[in-house]
Amino acid sequence: MTTTSAPAIEVRGLRKTYGPVVAVDHVDLSVSEGEIFGVLGPNGSGKSTTVECIAGLRRPDAGTIGVLGLDPEKDRDALKRTVGVQLQSAGLQPKLRVREALDLFASFYDDPRDPDELAERLGLTERMDHPWRKLSGGQQQRLAIALALVGRPRVALLDELSTGLDPASRREVWKLVEEVREEGTTILLVTHLMEEAQHLCDRIALVQQGRILVADTPDGLISRTAAPLVMSFGTAVPLDPALLTDVAGVADVMERAERVQVACDDSAVLLVLDRLRDAGVRPEHLRITESSLDEAYLDLMTDADEKETVR
Ligand code: ADP
Ligand code: MG
(Lines give C-alpha, C1' and ligand atoms only; values in the text may rest on other atoms or scores of the structure.)
(Ligands and ions follow the chains in the order given, each with its own letter.)
Protein backbone atom coordinates (compact mmCIF):
# COMPACT_ATOMS: atom_id res chain seq x y z
CA MET A 1 0.00 0.00 0.00
CA THR A 2 1.33 3.46 -0.84
CA THR A 3 1.53 6.10 1.83
CA THR A 4 -1.29 8.56 1.57
CA SER A 5 -1.64 11.90 3.22
CA ALA A 6 -4.86 10.77 4.89
CA PRO A 7 -4.40 10.69 8.66
CA ALA A 8 -3.99 7.27 10.28
CA ILE A 9 -6.30 8.32 13.11
CA GLU A 10 -8.98 10.95 12.64
CA VAL A 11 -11.35 11.89 15.45
CA ARG A 12 -14.05 14.53 15.02
CA GLY A 13 -16.39 15.85 17.69
CA LEU A 14 -15.97 12.85 19.97
CA ARG A 15 -18.22 12.91 23.01
CA LYS A 16 -18.66 10.21 25.63
CA THR A 17 -20.60 10.40 28.88
CA TYR A 18 -21.05 7.96 31.73
CA GLY A 19 -24.40 8.96 33.22
CA PRO A 20 -23.92 12.53 34.40
CA VAL A 21 -20.14 12.46 33.90
CA VAL A 22 -18.92 14.00 30.66
CA ALA A 23 -15.68 12.04 30.15
CA VAL A 24 -14.90 13.29 26.63
CA ASP A 25 -16.32 16.54 25.38
CA HIS A 26 -15.96 17.34 21.68
CA VAL A 27 -12.48 16.03 21.02
CA ASP A 28 -10.92 16.49 17.58
CA LEU A 29 -7.60 14.96 16.78
CA SER A 30 -5.72 13.86 13.75
CA VAL A 31 -2.63 11.64 13.81
CA SER A 32 -0.54 11.30 10.64
CA GLU A 33 0.81 8.00 9.42
CA GLY A 34 4.12 7.20 11.09
CA GLU A 35 3.64 9.81 13.77
CA ILE A 36 4.10 9.32 17.52
CA PHE A 37 1.33 11.36 19.10
CA GLY A 38 1.20 11.87 22.86
CA VAL A 39 -1.79 12.59 25.06
CA LEU A 40 -1.07 14.26 28.39
CA GLY A 41 -3.43 15.42 31.09
CA PRO A 42 -4.52 14.98 34.69
CA ASN A 43 -6.27 11.86 35.99
CA GLY A 44 -9.89 11.70 34.95
CA SER A 45 -9.47 14.02 31.96
CA GLY A 46 -10.83 11.43 29.51
CA LYS A 47 -7.60 10.03 28.03
CA SER A 48 -8.45 6.35 28.50
CA THR A 49 -12.03 6.84 27.35
CA THR A 50 -10.71 8.46 24.15
CA VAL A 51 -8.28 5.57 23.56
CA GLU A 52 -11.02 3.01 24.22
CA CYS A 53 -13.37 4.70 21.73
CA ILE A 54 -10.61 4.75 19.07
CA ALA A 55 -9.99 1.06 19.79
CA GLY A 56 -13.67 0.31 19.25
CA LEU A 57 -14.13 -0.82 22.87
CA ARG A 58 -16.58 1.92 23.79
CA ARG A 59 -19.41 3.41 21.81
CA PRO A 60 -19.20 7.21 21.54
CA ASP A 61 -22.32 9.30 22.23
CA ALA A 62 -21.42 11.56 19.31
CA GLY A 63 -18.67 12.17 16.81
CA THR A 64 -16.83 10.19 14.16
CA ILE A 65 -13.66 8.11 14.36
CA GLY A 66 -11.59 6.78 11.50
CA VAL A 67 -8.61 4.47 11.97
CA LEU A 68 -6.84 3.74 8.67
CA GLY A 69 -10.18 4.54 7.07
CA LEU A 70 -12.00 1.99 9.24
CA ASP A 71 -14.87 2.72 11.57
CA PRO A 72 -13.96 1.14 14.94
CA GLU A 73 -17.59 0.29 15.67
CA LYS A 74 -18.53 -1.18 12.31
CA ASP A 75 -15.22 -2.70 11.23
CA ARG A 76 -14.15 -4.37 14.46
CA ASP A 77 -12.72 -7.48 12.81
CA ALA A 78 -10.65 -5.57 10.29
CA LEU A 79 -9.49 -3.23 13.04
CA LYS A 80 -8.36 -6.13 15.20
CA ARG A 81 -6.00 -7.25 12.44
CA THR A 82 -4.32 -3.85 12.02
CA VAL A 83 -4.41 -2.14 15.40
CA GLY A 84 -2.55 -3.08 18.60
CA VAL A 85 -3.89 -1.89 21.93
CA GLN A 86 -2.32 -1.63 25.36
CA LEU A 87 -5.06 -0.83 27.85
CA GLN A 88 -4.57 0.65 31.30
CA SER A 89 -6.56 -2.25 32.73
CA ALA A 90 -5.45 -5.16 30.56
CA GLY A 91 -7.64 -7.74 32.24
CA LEU A 92 -6.16 -10.97 30.90
CA GLN A 93 -7.30 -14.42 32.00
CA PRO A 94 -5.42 -14.86 35.31
CA LYS A 95 -4.24 -18.34 34.33
CA LEU A 96 -3.13 -17.45 30.81
CA ARG A 97 0.61 -18.01 30.50
CA VAL A 98 2.91 -15.41 28.97
CA ARG A 99 3.72 -17.58 25.94
CA GLU A 100 0.05 -18.47 25.40
CA ALA A 101 -0.94 -14.83 25.53
CA LEU A 102 1.77 -13.83 23.04
CA ASP A 103 0.87 -16.68 20.66
CA LEU A 104 -2.83 -15.88 20.92
CA PHE A 105 -2.40 -12.20 20.17
CA ALA A 106 0.11 -12.93 17.37
CA SER A 107 -2.52 -15.19 15.75
CA PHE A 108 -4.85 -12.20 15.16
CA TYR A 109 -2.42 -10.66 12.65
CA ASP A 110 -1.06 -11.56 9.21
CA ASP A 111 2.62 -10.82 9.79
CA PRO A 112 3.36 -10.93 13.53
CA ARG A 113 6.71 -10.46 15.22
CA ASP A 114 8.58 -13.39 16.70
CA PRO A 115 7.12 -13.67 20.24
CA ASP A 116 10.41 -15.03 21.66
CA GLU A 117 12.39 -12.12 20.33
CA LEU A 118 9.89 -9.62 21.67
CA ALA A 119 9.81 -11.36 25.06
CA GLU A 120 13.59 -11.21 25.15
CA ARG A 121 13.56 -7.47 24.39
CA LEU A 122 11.11 -6.87 27.21
CA GLY A 123 12.85 -9.10 29.74
CA LEU A 124 10.09 -11.72 29.82
CA THR A 125 12.06 -14.74 28.60
CA GLU A 126 12.33 -16.24 32.09
CA ARG A 127 8.61 -15.74 32.61
CA MET A 128 7.24 -17.42 29.46
CA ASP A 129 5.56 -20.22 31.43
CA HIS A 130 4.21 -18.03 34.22
CA PRO A 131 0.49 -17.35 34.42
CA TRP A 132 -0.48 -13.70 34.12
CA ARG A 133 -1.62 -13.42 37.75
CA LYS A 134 1.81 -14.42 39.04
CA LEU A 135 3.64 -11.66 37.21
CA SER A 136 4.75 -8.53 39.06
CA GLY A 137 3.09 -5.22 38.13
CA GLY A 138 6.04 -4.23 35.95
CA GLN A 139 6.03 -7.61 34.19
CA GLN A 140 2.30 -7.36 33.52
CA GLN A 141 2.91 -3.91 32.10
CA ARG A 142 5.69 -5.18 29.82
CA LEU A 143 3.50 -8.07 28.68
CA ALA A 144 0.69 -5.63 27.86
CA ILE A 145 3.13 -3.64 25.70
CA ALA A 146 4.33 -6.85 24.03
CA LEU A 147 0.74 -7.88 23.26
CA ALA A 148 0.04 -4.47 21.69
CA LEU A 149 3.10 -4.71 19.45
CA VAL A 150 3.41 -8.44 18.67
CA GLY A 151 1.18 -8.18 15.59
CA ARG A 152 3.33 -5.54 13.86
CA PRO A 153 0.19 -3.38 13.88
CA ARG A 154 -0.11 -0.40 11.54
CA VAL A 155 -1.51 1.60 14.45
CA ALA A 156 -0.63 1.09 18.13
CA LEU A 157 -2.66 2.61 20.96
CA LEU A 158 -0.64 2.63 24.19
CA ASP A 159 -2.42 3.80 27.35
CA GLU A 160 0.06 4.82 30.06
CA LEU A 161 2.99 3.32 28.24
CA SER A 162 5.55 3.20 31.00
CA THR A 163 3.58 3.62 34.24
CA GLY A 164 5.10 1.32 36.86
CA LEU A 165 8.27 0.55 34.92
CA ASP A 166 11.72 1.05 36.41
CA PRO A 167 14.03 3.46 34.57
CA ALA A 168 15.95 0.71 32.73
CA SER A 169 12.78 -0.99 31.46
CA ARG A 170 11.42 2.40 30.47
CA ARG A 171 14.49 3.10 28.31
CA GLU A 172 14.11 -0.29 26.65
CA VAL A 173 10.43 0.36 25.97
CA TRP A 174 11.27 3.76 24.47
CA LYS A 175 13.80 2.13 22.14
CA LEU A 176 11.25 -0.47 21.12
CA VAL A 177 8.61 2.18 20.43
CA GLU A 178 11.08 4.12 18.28
CA GLU A 179 11.95 0.98 16.29
CA VAL A 180 8.31 0.12 15.81
CA ARG A 181 7.74 3.62 14.47
CA GLU A 182 10.74 3.26 12.12
CA GLU A 183 8.94 0.25 10.68
CA GLY A 184 5.98 2.50 9.88
CA THR A 185 3.63 1.99 12.82
CA THR A 186 1.61 5.02 13.85
CA ILE A 187 1.52 5.41 17.63
CA LEU A 188 -0.92 7.15 19.93
CA LEU A 189 0.35 7.07 23.49
CA VAL A 190 -0.92 8.31 26.82
CA THR A 191 1.76 9.28 29.30
CA HIS A 192 2.25 11.17 32.54
CA LEU A 193 5.96 11.66 32.04
CA MET A 194 7.10 14.87 30.40
CA GLU A 195 10.50 13.34 29.76
CA GLU A 196 8.84 10.50 27.90
CA ALA A 197 6.62 12.84 25.89
CA GLN A 198 9.54 15.07 24.97
CA HIS A 199 11.74 12.11 24.07
CA LEU A 200 9.26 10.17 21.96
CA CYS A 201 6.47 12.34 20.65
CA ASP A 202 6.31 14.32 17.41
CA ARG A 203 3.22 16.08 18.72
CA ILE A 204 1.46 16.23 22.05
CA ALA A 205 -2.14 17.04 22.95
CA LEU A 206 -2.79 18.50 26.39
CA VAL A 207 -6.20 17.45 27.64
CA GLN A 208 -8.24 18.74 30.52
CA GLN A 209 -11.79 17.83 31.56
CA GLY A 210 -12.46 15.92 28.39
CA ARG A 211 -11.22 18.61 26.02
CA ILE A 212 -8.03 19.18 24.10
CA LEU A 213 -6.51 22.47 25.19
CA VAL A 214 -3.76 22.47 22.61
CA ALA A 215 -1.92 20.07 20.33
CA ASP A 216 1.55 20.93 19.08
CA THR A 217 5.15 19.75 18.86
CA PRO A 218 7.07 19.74 22.16
CA ASP A 219 8.95 22.88 21.04
CA GLY A 220 5.70 24.43 19.86
CA LEU A 221 4.12 23.92 23.28
CA ILE A 222 7.10 25.50 24.97
CA SER A 223 7.03 28.52 22.66
CA ARG A 224 3.34 29.09 23.46
CA THR A 225 4.07 29.75 27.11
CA ALA A 226 4.64 33.20 28.57
CA ALA A 227 8.24 32.30 29.35
CA PRO A 228 9.74 29.99 26.72
CA LEU A 229 13.33 30.87 27.73
CA VAL A 230 15.41 30.68 30.88
CA MET A 231 18.42 33.01 31.27
CA SER A 232 20.71 31.69 33.94
CA PHE A 233 23.87 33.35 35.31
CA GLY A 234 26.02 33.82 38.38
CA THR A 235 26.87 37.15 39.98
CA ALA A 236 29.86 38.25 42.06
CA VAL A 237 27.56 39.77 44.68
CA PRO A 238 23.99 38.69 45.51
CA LEU A 239 21.43 40.21 43.19
CA ASP A 240 18.12 41.65 44.32
CA PRO A 241 15.52 39.92 42.10
CA ALA A 242 13.47 43.15 42.13
CA LEU A 243 16.10 44.59 39.76
CA LEU A 244 14.72 42.38 36.98
CA THR A 245 11.12 41.52 37.85
CA ASP A 246 9.65 44.60 36.16
CA VAL A 247 11.56 44.18 32.87
CA ALA A 248 9.06 43.72 30.03
CA GLY A 249 8.81 40.05 29.06
CA VAL A 250 10.18 38.69 32.34
CA ALA A 251 7.78 36.22 33.99
CA ASP A 252 9.80 35.14 36.98
CA VAL A 253 13.19 35.66 38.68
CA MET A 254 14.49 32.85 40.89
CA GLU A 255 17.69 32.00 42.71
CA ARG A 256 18.81 28.40 42.26
CA ALA A 257 22.12 26.91 43.30
CA GLU A 258 23.75 30.33 43.57
CA ARG A 259 22.66 31.29 40.09
CA VAL A 260 19.96 33.68 39.03
CA GLN A 261 17.32 32.20 36.73
CA VAL A 262 15.13 34.51 34.72
CA ALA A 263 12.12 32.98 32.99
CA CYS A 264 11.28 35.24 30.08
CA ASP A 265 10.41 35.57 26.41
CA ASP A 266 12.68 36.49 23.45
CA SER A 267 12.02 40.19 23.71
CA ALA A 268 13.31 40.34 27.28
CA VAL A 269 16.82 39.01 26.68
CA LEU A 270 18.51 42.26 25.63
CA LEU A 271 16.45 44.29 28.09
CA VAL A 272 17.65 42.10 30.96
CA LEU A 273 21.27 42.48 29.87
CA ASP A 274 20.82 46.27 29.58
CA ARG A 275 19.33 46.40 33.06
CA LEU A 276 22.23 44.40 34.49
CA ARG A 277 24.80 46.59 32.76
CA ASP A 278 23.11 49.78 34.01
CA ALA A 279 23.26 48.36 37.54
CA GLY A 280 26.94 47.46 37.14
CA VAL A 281 26.26 43.71 37.38
CA ARG A 282 28.26 41.39 35.12
CA PRO A 283 26.46 38.09 34.42
CA GLU A 284 28.91 35.19 34.80
CA HIS A 285 28.66 32.01 32.73
CA LEU A 286 25.47 33.22 31.11
CA ARG A 287 23.33 30.48 29.58
CA ILE A 288 20.09 30.85 27.71
CA THR A 289 18.07 27.65 27.40
CA GLU A 290 14.58 26.65 26.39
CA SER A 291 12.26 26.18 29.32
CA SER A 292 11.24 22.57 29.91
CA LEU A 293 8.09 20.82 28.76
CA ASP A 294 7.28 20.35 32.45
CA GLU A 295 7.10 24.09 32.91
CA ALA A 296 5.16 24.55 29.69
CA TYR A 297 2.63 21.92 30.78
CA LEU A 298 2.03 23.56 34.14
CA ASP A 299 1.85 27.02 32.58
CA LEU A 300 -0.60 26.03 29.84
CA MET A 301 -2.76 24.02 32.26
CA THR A 302 -2.83 26.88 34.78
CA ASP A 303 -3.82 29.35 32.08
CA ALA A 304 -6.71 27.09 31.14
CA ASP A 305 -7.76 26.75 34.79
CA GLU A 306 -7.92 30.51 35.08
CA LYS A 307 -9.99 30.84 31.91
CA GLU A 308 -12.29 28.09 33.23
CA THR A 309 -12.86 30.10 36.42
CA VAL A 310 -13.58 33.30 34.52
CA ARG A 311 -16.22 31.62 32.35
P1 ADP B 1 -8.10 9.36 32.30
O2 ADP B 1 -7.69 8.17 31.52
O3 ADP B 1 -7.69 10.67 31.70
O4 ADP B 1 -7.70 9.27 33.75
P5 ADP B 1 -10.81 8.33 32.03
O6 ADP B 1 -11.16 8.33 30.59
O7 ADP B 1 -10.44 7.05 32.65
O8 ADP B 1 -9.71 9.45 32.29
O9 ADP B 1 -12.04 8.91 32.85
C10 ADP B 1 -12.70 10.12 32.50
C11 ADP B 1 -13.88 10.34 33.42
O12 ADP B 1 -14.84 9.32 33.20
C13 ADP B 1 -13.54 10.27 34.90
O14 ADP B 1 -14.34 11.20 35.58
C15 ADP B 1 -13.88 8.85 35.28
O16 ADP B 1 -14.23 8.77 36.64
C17 ADP B 1 -15.09 8.57 34.38
N18 ADP B 1 -15.19 7.15 34.00
C19 ADP B 1 -14.26 6.43 33.33
N20 ADP B 1 -14.69 5.17 33.09
C21 ADP B 1 -15.93 5.09 33.63
C22 ADP B 1 -16.92 4.06 33.71
N23 ADP B 1 -16.70 2.85 33.18
N24 ADP B 1 -18.07 4.35 34.35
C25 ADP B 1 -18.31 5.56 34.87
N26 ADP B 1 -17.43 6.59 34.82
C27 ADP B 1 -16.25 6.38 34.21
MG1 MG C 1 -6.47 6.60 32.02
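## Basis

Helices (H or I, at least four residues) and strands (E, at least two) are DSSP runs, numbered from the N terminus. This is a predicted model: local features need pLDDT of at least 70 and side-chain atom pairs count only at pLDDT 80 or more, while totals for chains, interfaces and linings use all residues. Residues are numbered from 1 along each chain as its sequence is written, chains are lettered from A and ligands numbered from 1 in the order in which they are written, and side-chain values use heavy atoms, leaving out hydrogens and water.

## Two positive phi angles

Glutamate 160 lies in the loop between β6 (155-159) and α6 (167-182). Its phi is near 60 degrees, a positive value in a residue other than glycine. Glutamate 160 is buried, with a relative accessible area of 9%. Buried means under 20% relative accessible area, exposed over 50%, and partly exposed in between (1.4 Å probe, protein chains only).

Histidine 285 sits in strand β13 (residues 284-290). Histidine 285 is not a glycine either, yet has a positive phi of about 50 degrees. Histidine 285 is exposed, at 68% relative accessible area.

## The open sheet

An open sheet is formed by 3 strands in the order β2-β1-β4, with antiparallel pairing. Two strands pair if DSSP finds at least two bridges between them. The edge strands, β2 (21-31) and β4 (62-67), each pair on one side only. Strand β1 (residues 9-18) is joined to β2 by 8 bridges. Arginine 15 stands opposite aspartate 25 in β2.

## Helix α3

Val98, Ala101, Leu102 and Ala106 are the buried residues of helix α3 (residues 98-106). These buried residues pack against α4 (115-121) and α5 (137-149); contact means heavy atoms within 4.5 Å.
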